[in-house]
Amino acid sequence: MEKTKVALCEAEVGTGKTHAYLLAAVICRLFHADKQPIVISTSTIALQKALTEEYIPQISSILLQHRIIDAPFTFAVRKGKSHYACDSRVKTYLASLRHNDRLQEQELMEIEILTMLFTGGCPIDLDGLPLTDYVKGCIRVERCQPTCGLASVCRYRSFLKEAGQNKIDFQIANHNLVLGDILSQKGGRNRLLPEHRVLIFDEAHKLLDAARQMYGVGFGNMELERLAAGIRRAVGRHPKRERVFWICEGMLRFNVLFFETVQDAARRGYDHSCRGILFSRKCFLALETLTEILRELSAFFYAADQQELIFRQDRKGAGDSVPALFWQNP
Ligand code: SF4
């Protein structure tokens, strides 16, 4: 930590890993000149709870008893914005519920909880509230506009301001939020976490999955089927429609071949000698051919769009089902 290097640590369950890194982090926090917060990233709520309800209070109380610190350690639990209530959306949703004069028991209960939420009677963290996923979806923070009329009294904004202060010792986050913070930093956007010099990934075996979710791109075997169907509907009476259909057929043949060869490779499984999964030459050829076909289709749609030759009638209806990719520069 002192030299800001990476340490990869593994130990069996119950041997004290969490205590080990917390004590090292505490020393770093107490004695390093920059006094930046320590970020701990976990993948489960259970571990976040254990950290905030057991580990940090326990270490705090031992150090207090020995007069090494004079106030307990502080922490902020950080989650993605969708876990918090937006005051403005709560207000709108509440108004829509109250508008209804035939309220069921469930809605009366929702009105009670939402009123409490709006008037500050309960925290804005939605995870602990007995509301349905639908209601949570209607009131969670989405796009937070700077022009929002409630911005000056917004509790979500106050929470972010409060939680992001350097005086808070620990930022307890999850892997997705930390990876999102790295993306924001790279993209020059507002950081989600305060500046920190120590970052600890606990439950790091889940980091790969989180990284795949945040940075990865998925490609399933049905995607090109859907694309081909969208293209067939979109080309309408274009003079080159036969050629486009022919290209689509080729695309679907290679799509099948590609996924068959991927399945073959998956069936063979992990190859210990090369420490990976071996894909056949056929698989790579299918992928290369698919890439070429998609490039050709992309160029075709781009040119057609530029010349405004086709789709004028179809744009409103079926034409919209062609993915945006094909309306962009190839
Ligand atoms: S400032 Fe953003 S989060 Fe706060 S009430 Fe307005 S829209 Fe919602």
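In these exercises, a residue is called buried when its relative accessible area is under 20%, exposed when it is over 50%, and partly exposed in between. The structure is a predicted model, so take your time and look at each part as you go.

**Exercise 1. Describe the chain as a whole, starting with its helices and strands.**

Step 1. Count the elements: the chain has 11 helices and 6 strands.

Step 2. Consider its extent. The C-alpha trace spans about 85 × 70 × 40 Å along the principal axes. The radius of gyration is 27 Å, whereas a compact globule of 330 residues would have one near 20 Å.

Step 3. Turn to burial and surface. Of the 330 residues, 35% count as buried. The chain exposes about 21100 Å², with carbon and sulfur atoms supplying 55% of that area.

Step 4. Check the contacts. Among those between residues at least 6 apart in sequence, 69% join residues at least 24 apart.

**Exercise 2. Which residues of α7 are buried, and what covers them?**

Step 1. List the buried residues: His175, Leu177, Val178, Leu179, Gly180, Asp181 and Ser184.

Step 2. Name the cover, which includes β1, β3 (170–174), β4 and α8.

Step 3. Zoom in on β4, where phenylalanine 201 lies. Leaving aside neighbours within four places in sequence, phenylalanine 201 is in contact with Ser41, His175, Val178 and Leu207. Phenylalanine 201 itself counts as partly exposed, because its relative accessibility is 27%.

Step 4. Follow the helix to its end. Just after α7, glycine 188 takes a positive phi of about 70°.

**Exercise 3. How far does α10 reach, and what comes just after it?**

Step 1. Take the span: α10 (residues 241–268) has 28 residues and reaches 41 Å from its first C-alpha to its last, close to the expected 40 Å.

Step 2. Pick out buried residues. Among them are Val244, Phe245, Ile247, Cys248 and Met251. In general, residues three or four places apart in an α-helix point the same way, because there are 3.6 residues a turn.

**Exercise 4. Which residues are around the ligand?**

Step 1. Read off the shell: Cys86, Asp87, Ser88, Cys144, Cys148, Ala151, Cys154, Tyr156 and Arg157.

Step 2. Sort these residues by type, which gives 6 nonpolar, 1 polar and 2 charged.

Step 3. Trace them to helices: α3 (87–99) and α6 (155–163) each supply at least two residues of the shell.

Terms used. Residues numbered from 1 in each chain as written. Predicted model: local features only at pLDDT ≥ 70, side-chain atom pairs only at ≥ 80, totals over all residues. Heavy atoms only, no water. Helix = DSSP H or I, 4+ residues; strand = E, 2+ residues; numbered from the N terminus. Expected span 1.5 Å × (residues − 1). Buried < 20%, exposed > 50% of the residue type's maximum accessible area, 1.4 Å probe, protein only. Near = heavy atom within 4 Å. Nonpolar A, V, L, I, M, F, W, Y, C, P; charged D, E, K, R; others polar. Rg over C-alpha atoms; globule rule 2.2 N^0.38 Å. Contact = heavy atoms within 4.5 Å. Areas by Shrake-Rupley, 256 points an atom, 1.4 Å probe, with all protein chains shown as cover.
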